[in-house]
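Q: Could you take me through this structure feature by feature, giving the general idea before the particular case?

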Amino acid sequence: MTKPSSFSHFLKGQDWSAHSSSLQQIGPQQIEFALKRQGQGGIDDLRALLSPLAGEKYLEDMAKLSHTLTRKRFGQAIRLFAPMYLSNECNNVCDYCGFSMHNKIARKTLTDLEILREAGILKKRGFDHVLLVTGESNQQVGMNYLSHAIDLLRPHFANLSIEVQPLSLDNYSSLIEHGIHAVMVYQETYDQESYSRHHLKGKKTNFEWRLDTADRLGQAVVNKIGLGCLFGLTEDWRVDAFYAGMHLDYLERRYWQTSYSMSFPRIRPYEGDNIVAVDLKDRDLVQLLCAFRIFNHELEITLSTRESQQLRENLLPLGVTTMSAGSKTNPGGYAEESQSLEQFSISDERSPREVSAMLKSKGYDPVWKDWDSSYDKPRMTNFDSPSLEQTNSTQVAASF
Ligand code: SF4
């Protein structure tokens with residue numbers, strides 16, 4: 001068999017409905033075998049652990065194993081990070097997102113001063129890991145804007161990741177030179193029909209271009225790639241999750257120098273006419289999390305403030321390694337009180353200090369910095385880091 005040239009090529013050989021029925025047909029033996037060999041049977045074990053029967057009858061066993069494997073690999077460490085929204089400009093129409101082009105909201109892209117002001121507030125709150133987020137707009141937040149923002153922030157944080165529009169291999173190589181550590185690129189859904197229903201206009205309508213983004217990142221040898229589906233878009237969440245697992249498996253075999261993270265976001269309320277999302281129940285989320293931990297012992301699993309305080313605390317022991325805290329999902333949101341420009345509303349509204357205290361009280365080690373920027377490849381040779389003094393702004397200086 002010829003090796004697929006990309007994941008979209010690989011996917012052409014897969015049959016969604018055949019995978020859907022095989023998940024329904026999983027029996028106790030396959031699940032028990034997957035648990036006994038601690039998920040080391042690869043994608044077959046993932047299939048068994050994502051099955052309806054596993055969710056119905058084996059959740060307790062899965063939770064115990066998932067907890068043990070996570071503590072063995074990651075100890076008590078929980079890494080904390082904050083998203084920083086740089087812009088809500090977007091040229092796409094996605095029917096589940098507040099930034100969607102047709103939504104009549106005020107648009108904003110942060111200036112240098114505003115970026116540094118946000119950075120100062122996050123630094124004061126203890127963050128050293130920051131995820132830079134933008135909508136998808138080449139004019140406002142193209143390569144020049146992104147590389148400049150990374151140059152501005154690189155001296156102030158140990159770890160910078162991005163969640164922006166899918167880019168070319170050359171562009172990724174360039175951003176890695178500027179010092180990015182990781183790129184989050186969620187496929188939203190691997191079901192092409194459902195993808196077309198929810199992505200109505202703009203570059204994001206190109207399913208395959210998005211699907212092969214992780215291949216381009218692997219070829220650029222980025223340190224980490226974040227994968228995931230947006231649960232609520234597709235009727236059969238089990239098949240979507242299974243495809244995400246196949247994607248992870250494919251990438252790990254091919255781009256072994258890169259590490260991987262996964263998150264399981266569910267649709268949240270947002271500005272505009274909210275779509276009727278397919279319900280992924282809390283119990284299903286638990287199953288997802290445990291299935292992926294057992295399938296992949298090294299995988300970073302991220303839980304965002306989309307989920308409630310109580311659920312986040314309940315999910316903590318089961319496999320989570322990374323959490324956001326005190327998040328704002330609007331550009332300039334840390335400095336401004338107004339939430340009117342946000343992408344979606346968050347559920348856990350505790351401050352980073354409160355989240356950290358909660359973690360300690362439960363015996364976890366909140367980790368603010370576990371990476372040094374010198375491990376990345378910042379283009380520091382021809383870049384003069386702007387100090388706070390150089391910005392000549394008391395407003396910014398006061399933020400740090
Ligand atoms: S999901 Fe992303 S691409 Fe789609 S409208 Fe929102 S910001 Fe734009």
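Q: How should I read the packing of two helices, and at what angle do the axes of H2 and H14 cross?

A: Please keep in mind that this is a predicted model. Two packed helices are described by the angle between their axes and the distance between the axes. Here the axes of helix H2 (residues 16–24) and helix H14 (residues 237–254) come within 9 Å and cross at roughly 110°, which makes H2 roughly perpendicular to H14.

Q: Which residues of H2 and H14 meet?

A: From H2 come Trp16, His19, Ser20 and Leu23, and these meet Arg238, Val239 and Phe242 in H14; by class, this contact has four nonpolar residues, two polar and one charged.

Q: What does the largest nonpolar core contain?

A: In soluble globular proteins, nonpolar side chains tend to be buried together. In this model the largest nonpolar core has 96 residues, and Leu49, Val130, Leu289 and Ala291 have the most contacts inside it, while helix H15 (residues 282–295) gives the most to this core, with nine residues. Leaving aside neighbours within four places in sequence, Leu289 is in contact with Phe264, Ile301, Leu315, Leu318 and Gly319.

Q: Which residues are around the ligand?

A: They are Cys90, Asn92, Cys94, Cys97, Phe99, Ser100, Gly135, Glu136 and Lys204, a shell with four nonpolar, three polar and two charged residues.

Q: Is Tyr375 buried or exposed?

A: Tyr375, in the loop between strand S11 (365–367) and helix H18 (388–391), is exposed, because 11 other C-beta atoms lie within 10 Å and a residue with 12 or fewer counts as exposed.

Methods: Residues numbered from 1 in each chain as written. Predicted model: local features only at pLDDT ≥ 70, side-chain atom pairs only at ≥ 80, totals over all residues. Near = placed C-beta within 6 Å. Nonpolar A, V, L, I, M, F, W, Y, C, P; charged D, E, K, R; others polar. Helix = DSSP H or I, 4+ residues; strand = E, 2+ residues; numbered from the N terminus. Buried ≥ 20, exposed ≤ 12 C-beta atoms within 10 Å, placed from the backbone. Axes fitted to C-alpha atoms, helices over the stretch in contact; angles between N-to-C directions. Parallel < 35°, antiparallel > 145°, perpendicular 65-115°, else oblique. Contact = placed C-beta atoms within 7 Å. Core = buried A, V, L, I, M, F, W, Y, C linked by C-beta atoms within 7 Å.
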